[in-house]
Amino acid sequence: MAEAEGNSESVGTVVVAGAANLAIAVAKLVAGIVSGSAAMLSEAAHSVADTTTEVLLYLALRRGARPADVRHPFGYGKESYVWAFLAALFTFVAGAGFAITHGVTTILVHEHSGDYLISYVVLAVSFAIESVSLARAVRQVRGESRRWGTTPRRFLRLTADTTVKAVFLEDSAALIGLLIAGVGLGLSQWTGDELFDGVASILIGLLLLVVAAILARSNISLLVGRAVPERLHHEIERELAALPTVDRVDTLLTMQLGPDDILVAAKVDFRDEATGAEIEAAADEAERRLTDRYPEIGYVFLDPTRSLRGSGRHARRTQEEPGPVGDAPLGTAYPGPAGDARPTDGPSGQEADGRD
């Protein structure tokens, strides 16, 4: 139920952002054509890119939420990252590329030929609309961060729901871009030099590049298959080790299958005196404990194995590779109870792409 509510809220956030960006894109385009401002045209391209991004993010949410079937036994959660990655690429190519190119052209050859007033009006209206869209995203981020007992900043850095992250970053970038465009227009009008308008356009493009790079790297790490963070890893390990018939957990591997789906696989050394029936009961109990505490854990696989102590072999501890918390070997980005809520440290995940 919590997963369905979270998905529904994410869809609502994306729809609101998409509608706002579409309206703003039309207004900016008209203002850019009438005023001849490079910054306004770049902002129009920015909003067009954001609108297309919201469409792709909507597809990500819908297609990623499809249930598992015979050909895809673990579901379609990773498909959401494919569409989200395409959205980031579109922002990179269409939005940033146009803004930077047009800004350079303006600096070299363009002369302002229109009225500044319409640009200022559109910028003010756009700022108000974008603020509404961002407010909804912020509300969702704060609600989710409170739910999992972490900070909004950490939630954004670690969440596996890349649609929420995308909307928040794009709306934030949109407001910053509007301010940059306003300053560029003001300086151009005051000095009579179109250099400032062109520079504003280039800065908007660079801003889009940063957002696109952050989102692309986040989605790539999730597509590759990111594990839960080290602290959550230890929480799961402690849950398994606490079972009465378990002697030790030799190997524990996890993977984020989607925004709300985690796989847990472990090689477990059961006590020598444990019977087959007791091992089966322990496996059932392990799954119950983990899924009750962490609803986003969808699959639990236990492999009974002999203890590796004294055998000369080493268990695979892939989640304890060198690197600070937040680096790739430890990362997943999912903000559920399995995340850093309660004993852990924020949403359950680190970005494999670093500390975005």
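Reader: In which helix is Ser188 found?

Author: Ser188 is found in helix 6, where helices (H or I, at least four residues) and strands (E, at least two) are DSSP runs numbered from the N terminus. This is a predicted model, in which local features need pLDDT of at least 70 and side-chain atom pairs count only at pLDDT 80 or more, whereas totals for chains, interfaces and linings use all residues. Residues are numbered from 1 along each chain as its sequence is written, and side-chain values use heavy atoms, with hydrogens and water left out.

Reader: Which backbone atom does the side chain of Ser188 reach at 2.9 Å?

Author: A polar contact is a pair of N or O atoms within 3.5 Å; within protein, one must be able to donate a hydrogen and the other to accept it, and residues adjacent in sequence count only if both atoms are side-chain atoms. The side chain of Ser188 reaches the backbone nitrogen of Asp197 at 2.9 Å, and a polar atom of this side chain also lies 3.2 Å from the backbone oxygen of Asp193. Counting contacts in general (heavy atoms within 4.5 Å), and leaving out residues up to four places away in sequence, Ser188 touches Tyr116, Asp193, Glu194, Phe196 and Asp197.

Reader: At what angle do the axes of helix 4 and helix 6 cross?

Author: Axes are lines fitted to C-alpha atoms, for helices over the stretch in contact, and angles run from 0 to 180 degrees between N-to-C directions. The axes of helix 4 (residues 117–147) and helix 6 (residues 162–191) come within 9 Å and cross at roughly 160 degrees. Helix 4 is therefore roughly antiparallel to helix 6, on a scale where angles under 35 degrees count as roughly parallel, over 145 as roughly antiparallel, 65 to 115 as roughly perpendicular and the rest as oblique. The contact of helix 4 with helix 6 is made by 16 nonpolar, nine polar and two charged residues; here Ala, Val, Leu, Ile, Met, Phe, Trp, Tyr, Cys and Pro count as nonpolar, Asp, Glu, Lys and Arg as charged, and the others, Gly among them, as polar.

Reader: Which residues of helix 2 and helix 7 meet?

Author: Helix 2 (residues 38–64) and helix 7 (residues 195–224) have axes 7 Å apart and pack at an angle of about 20 degrees, which means that helix 2 is roughly parallel to helix 7. On the helix 2 side there are Ala38, Ala39, Ser42, Glu43 and His46, and these meet Asp197, Ala200, Ser201, Ile204 and Leu208 in helix 7. Sorted by class, this contact of helix 2 with helix 7 has five nonpolar, three polar and two charged residues.

Reader: How do helix 3 and helix 7 pack?

Author: Their axes are 7 Å apart, and the angle between helix 3 and helix 7 is about 165 degrees, so the two helices are roughly antiparallel to each other. In the contact of helix 3 with helix 7 there are 24 nonpolar, nine polar and one charged residues.

Reader: What does Thr106 touch?

Author: Thr106 is found in helix 3 and, at 1% relative accessibility, counts as buried. Beyond residues up to four places away in sequence, Thr106 touches Ala38, Glu194, Asp197 and Gly198. His102 also has its place in helix 3 (residues 79–109), but with a relative accessible area of 22% His102 is partly exposed.

Reader: Where does Arg289 lie?

Author: Arg289 lies in helix 9 (residues 276–293) and is partly exposed, with a relative accessible area of 24%. Leaving aside neighbours within four places in sequence, Arg289 is in contact with Glu239, Ala242 and Leu243; the C-alpha atoms of Arg289 and Glu239, 50 residues apart along the chain, are separated by 7.4 Å.

Reader: How many helices and strands does the secondary structure of the chain come to?

Author: There are nine helices and three strands, running from the N terminus on as α-α-α-α-α-α-α-α-β-β-α-β. Of the 356 residues of the chain, 49% count as buried, and residues 24 or more positions apart account for 77% of the contacts with a separation of 6 or more.

How values were computed: Buried means under 20% relative accessible area, exposed over 50%, partly exposed in between (1.4 Å probe, protein chains only).
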